[in-house]
Amino acid sequence: PKGLSPLIAEVHAQGMSFGLWVEPEMFSPDSDLFRTHPEWVLQTPGYPLVTGRHQLLLNLSEPGAFSYVKDCLLKLLETYPIAYLKWDMNRVQVMAADRAGKAAAHRQLQSVYRLMEQISEAHPKLELESCASGGGRADFEILRRCGRLWTSDNNDPLARLAIHVGFSLFFPAEIMGAHIGGEKAHITGRKADIHLRALVALQGQLGFEVDLSLLAEADSDILRTYTRFYKEQRSWIAESKIYRLTQREDTMKALGYVSSDQQKSLWWVFSRGSLKATIPDVLKLRGLCPRTVYRLRLENLNRDDLSRYMQRAPAVLSDAQGFLMSGELLMLHGFSLPVLAAESVLLFTCHAES
């Protein structure tokens, strides 16, 4: 009711920065802006207007439209202490042309780049995030202007496992937005326990997309622990190398992050479906220093749930302190994994012993 100022003050009082989710390229056909400037629409003249999500696209290659959006954003940033903008674009460019009927999709993107640059020049400390699944703008050119990519609105952890592996073929984990969602994924409808949701989100730049006020205290404690763990590891993940490991079972995959100095690593092992065999698989790591001694430790907080699928759990599951192995042994012989239930994940740290 009193604008953004009281909300921003409350956010700052909690020790956080304030950010906004914006979609500056969109406008509604039922708006004063469209009624005043119908010529600013990105649409082929002479054809019915095509809306998406009840929206039209502003043609930013029109000087008037560009200046209007730029002035709106600058006024917002000059009025309020905003640290971050999530730059969304949630509809496809259908029949994207200017008022003369000439193709304008390329000029639109060039205008977006120019707009981002001018906004950043005016506010150099502002962080911009590009949206991959909305605008499909996850590429190296957009990263000249943005420091983070929102990977997908699909927070289903099983879907995210595939998304993260594909994303990692091109981009570092440090810029991959990965959030812990609610128990029931709003896009797939699938339910997942809090450990699966949190451990998968730890693969990227961790965030939350869940109403924390509705969580049981036990779940809140679990998220606090995983969040502390993330903060302890994130400083070296930015420059890590990523390894993808193939396992015996088709439903099992493994992904590893190894620090540039080979002193630290994280390894995720996940099972998307039921295993064909109940014989434990072996995980052989990569990218380690052969002569270095590492402490291998399982970081899951749900050890008891994982143990019930075996009469005798392997050492990596039963030993809370972990155990010491050389890099050579870990890479050549590996270690036995527990038998995994469907839709479960393991997270191991493998750090050099000081």
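This is a predicted model: local features need pLDDT of at least 70, side-chain atom pairs count only at pLDDT 80 or more; totals for chains, interfaces and linings use all residues.
Residues are numbered from 1 along each chain as its sequence is written, and side-chain values use heavy atoms, with hydrogens and water left out.

View 1. Helix α7 covers residues 194-201; helices (H or I, at least four residues) and strands (E, at least two) are DSSP runs, numbered from the N terminus. Here 8 of its 8 residues are buried, meaning under 20% relative accessible area with a 1.4 Å probe, protein chains only. Among them are Ile-194, His-195 and Arg-197. The buried residues of α7 pack against α6 (157-167), β7 (176-180), β8 (205-208), α8 (217-237), β11 (265-271) and β16 (344-352). Look also at the start of α7, where a side-chain oxygen of Asp-193 comes within 2.9 Å of the backbone nitrogen of His-195.

**View 2. The largest pocket.** A pocket is an open set of points on a 1 Å grid over the protein atoms alone, where a 1.4 Å probe fits, with protein on both sides within 12 Å along at least five of seven lines; lining residues have an atom within 4 Å of a point. The largest pocket holds about 1000 Å³ of space. Its lining has 26 residues, and Met-16, Ser-17, Tyr-84, His-179 and Gly-207 are the closest to the centre. The lining divides into 11 nonpolar, 7 polar and 8 charged residues.

**View 3. The second largest pocket.** About 230 Å³ of space lies in this pocket. Of its 14 lining residues, Thr-225, Phe-229, Glu-232, Arg-297 and Glu-299 lie nearest the centre. Helix α8 gives the most to the lining, with 6 residues, and β13 (293-298) and β16 each supply at least two.

**View 4. The nonpolar cores.** A nonpolar core is a set of buried Ala, Val, Leu, Ile, Met, Phe, Trp, Tyr and Cys residues joined through side-chain atoms within 4.5 Å. The largest has 66 residues, and Leu-58, Leu-85, Leu-115, Leu-202, Tyr-257 and Trp-268 touch the most other members. Helix α8 gives the most to this core, with 7 residues. A second, separate core of 27 residues includes Leu-285, Met-325, Leu-337 and Cys-350.

**View 5. Around Leu-202.** Not counting residues up to four places away in sequence, Leu-202 touches Tyr-226, Phe-229, Tyr-230, Trp-268 and Leu-347, where contact means heavy atoms within 4.5 Å.

How values were computed
Buried means under 20% relative accessible area, exposed over 50%, partly exposed in between (1.4 Å probe, protein chains only). A polar contact is a pair of N or O atoms within 3.5 Å; within protein, one must be able to donate a hydrogen and the other to accept it, and residues adjacent in sequence count only if both atoms are side-chain atoms. Grid points are joined across faces, edges and corners, and a volume is the space filled by probe spheres set on the points. Ala, Val, Leu, Ile, Met, Phe, Trp, Tyr, Cys and Pro count as nonpolar, Asp, Glu, Lys and Arg as charged, and the others, Gly among them, as polar.
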